[in-house]
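Student: I would like a close look at one part of this model. Could you walk me through the details there?

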Amino acid sequence: MKKLNIIHALLVSWIAGVAATEPTHDAPPDLDTNGTAIIQTDFDGWVNPEDVAPMPQCIAQQDRSAWLGAMTKCTQQRCTSHFAFICTYHQWLTQLSCLSVELSPNVTETYISYCERSILAKAQLYHWIRNVTDRTWLVDVGDANEIHALSPASLARGYASMGVASTAPACLSRSRTSTSLESFEHVLGSCSFTSTTLHTGNSGHPWEYSKSQQSILALSFNTAGYDLTGAHIPFGEYFDRECFCNTFTFDKQNEPCLASGQVDLTMERLWLNATCGSTSLPGNWTAALKITGFDYISLADWHWPRQVTDMPKQVTGLAQHCATDACRVDAHGYCVVEHAMDRACFCSKIDYDSCQGPCRVFESRISFVKWLHELCGNVDGWHGLPNNWPELATPLPSEMIPWRWVVRPNNILGNQCWSATWTIGSFALVNLATVFTVFMSQKRAHRCSTVDYRLLSGLPWMMGCILLASLPLGANWINSRIVRGTPGYEAVPVSHMMLLLCSLPRLSWLTIAPAGSHRLGAAEWPSAAISLYAETIVQGFSLYHMFWAVNYGLRHNFYFGGLSNAKGGEAALPIDMEDLLPGSRSPPPPYTERDEWTTYGTLPTERKEAERPKSAFTMFYYTMAILMPLIWISQWLFWIGFVKLSSDEYVATTNQILGKKLMGHSFCLPHLGVLTVVWMSSSVGGSLLKFYLEIERPEKIRRDDHFPEYFREHR
């Protein structure tokens, strides 16, 4: 609603006549700060009508005939200029003493009931009467005492901007009061005021005598201003809440918008509550409100499941079917109509079975179930999710394994797979064989000297590393080919199978330390380096699937309680235990052990203690000495979790939750005995080969003429 539209609409009848009149005075009047005219020329108590203060707002908004009639009686044509005894100029003048008589309390009484609706309008009328007639009351003596000194607190309920009238529904703005039958806009206009007193109409000539109508006319009026309270507010048009709420009354059982739509009724009730409070409404006025929130979701807050990219059309079509309009309550309590989704309508037509294919796969299923429960879980009478929906909202055992290829025959008939216990036991048997081999080799190392150093003098270290690393890698490749060559296993990818088998827990790192030694001396460096680098190569291949599993768990929130409600979560945690991987441990402190050094030459030799140089290899050796056990533990945890999740027990859990029949075992190794023999042969053979390549310590080969040169080159 534009500024002053209500006031102007009430005054169209007399403003339209402004152009038809002729001014009786050419100079505009001077006004004081209260809008009261300052008399320019006083002709023995007669003044120009233009010098009289403009009409008060509350008089201009009513039938002005009695007010204008009183002023007309006091207006006559008077001679204002003489030449000798001849009048040379006549003017229409108003007698002030006459106004004091004609604008009596009886005349004021006809207007007072309307003017006293708003305390500002009443105060403006009082100031006009007092300045023009010198009377200090309106109708009865003392009836103006409350308006002698106004303050902002004089407006009991405060005020509101006239702009809020635009938020009222049409059914309310077109309604009338039940008592006086005044329209909504007329009541609002009677309670209106401006931030400061404004002069409207022909401010230069607020009054003028019309010869044709033989009556004085009002060409302007002053608005009631908030500055009457001695305070200031932002420029604009406002209305007095107390005035409006006391005047605009209606039967609460017959509200203006009761027969309109639910949105209009909501707009009406919110408007009246924000303006006048809940006392102006029925007791149960909040029951039928159509506002955004739980029942009606604003389209700005509406969203589909984020992980589901292809929702069925019968589901997406519900958005149009259940779309509606609802009120968003703004900061002041008024209604802002928005497009919204009817939650009850939408939920009555959707359940878990509404979306099949795209909503049943891992992330999509989890996102769909959580979205559906968040949307409809608290709707009365809605039971659209299965009883086990919390399990559907978490990763299933088969989904906790990041790769989708499986090791099983095309058709499993009966119980053809080894149990998880037997599978894990075969891995343990390989490790026990390695421990036994290392133990026996070290006992032999204490009884006899090792192979002569000269057998290794021509063998490059790189060839030794490749030879030792090729044994476990070759064994895993052979076993992958055995699995692939088994009928029904043709779909198993050999390369992925080989990399997965490389992550099996192995104790071959026990052979890195020289046999029978307690510290790493200079003569043991070549043998230790060959074993260490070979083991590092093999462990590098083993980390491929482990890091894949860790990254998969991070992306799907498997850590920090993310699997607390998941079936099989306790088995999946070892697979995705990030802190057990070697990269998550800090390297050990630099090695500072002191060792004995031996000198060779033609002069007599003597032993002296010196601090061992902190070479890069030494640091790498002792760092890996700490990391290798940690890698071995993480590999065990990884495989225990992987084998358990792939077992029949957890596949049956997946079948039960999804309500479908999946094939059993996703990791079903054929010929487990043959595979175990190949792994044992590789592990035992690698341990024996390492001890075969080991050189003697300096004390045992001091007589070897070639050793000093080798020591100087490779220490």
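Student: Which side chain does a polar contact of 2.9 Å join to that of glutamine 539?

Tutor: Happy to take you there. A word on the basis before we start: this is a predicted model, in which local features need pLDDT of at least 70 and side-chain atom pairs count only at pLDDT 80 or more, while totals for chains, interfaces and linings use all residues. Residues are numbered from 1 along each chain as its sequence is written, and side-chain values use heavy atoms, with hydrogens and water left out.

Now to your residue. The partner is glutamate 535: its side chain and that of glutamine 539 are joined by a polar contact of 2.9 Å. A polar contact here is a pair of N or O atoms within 3.5 Å; within protein, one must be able to donate a hydrogen and the other to accept it, and residues adjacent in sequence count only if both atoms are side-chain atoms. Glutamine 539 itself sits in helix α19, which covers residues 525-555. Helices (H or I, at least four residues) and strands (E, at least two) are DSSP runs, numbered from the N terminus. Leaving aside residues up to four places away in sequence, glutamine 539 touches Arg506, Met628, Ile631 and Gln635, where contact means heavy atoms within 4.5 Å. Glutamine 539 counts as buried because its relative accessibility is 5%; buried means under 20% relative accessible area, exposed over 50%, and partly exposed in between (1.4 Å probe, protein chains only).

From there, let us turn to the cysteines. Cysteine 502 is also buried, at 2% relative accessibility. Searching the whole structure gives 10 disulfides, each a pair of cysteine sulfur atoms within 2.5 Å. One of them pairs cysteine 74 with cysteine 98, with the sulfur atoms 2.0 Å apart, and this link is left-handed, at -75° about the S-S bond. It ties together distant parts of the chain, 24 residues apart: cysteine 74 is in the loop between α4 (65-73) and β6 (75-83), and cysteine 98 is in helix α5 (residues 96-102). Cysteine 74 is buried at a relative accessible area of 1%, as is cysteine 98 at 15%.

Another disulfide is formed by cysteine 327 and cysteine 335, again with sulfur atoms 2.0 Å apart; its -85° about the S-S bond makes it left-handed. Here cysteine 327 is buried at 0% and cysteine 335 at 6%. By contrast, the link of cysteine 355 and cysteine 359 is right-handed, with 70° about the S-S bond. The S to S distance in that pair is 1.7 Å, and both cysteines are buried.
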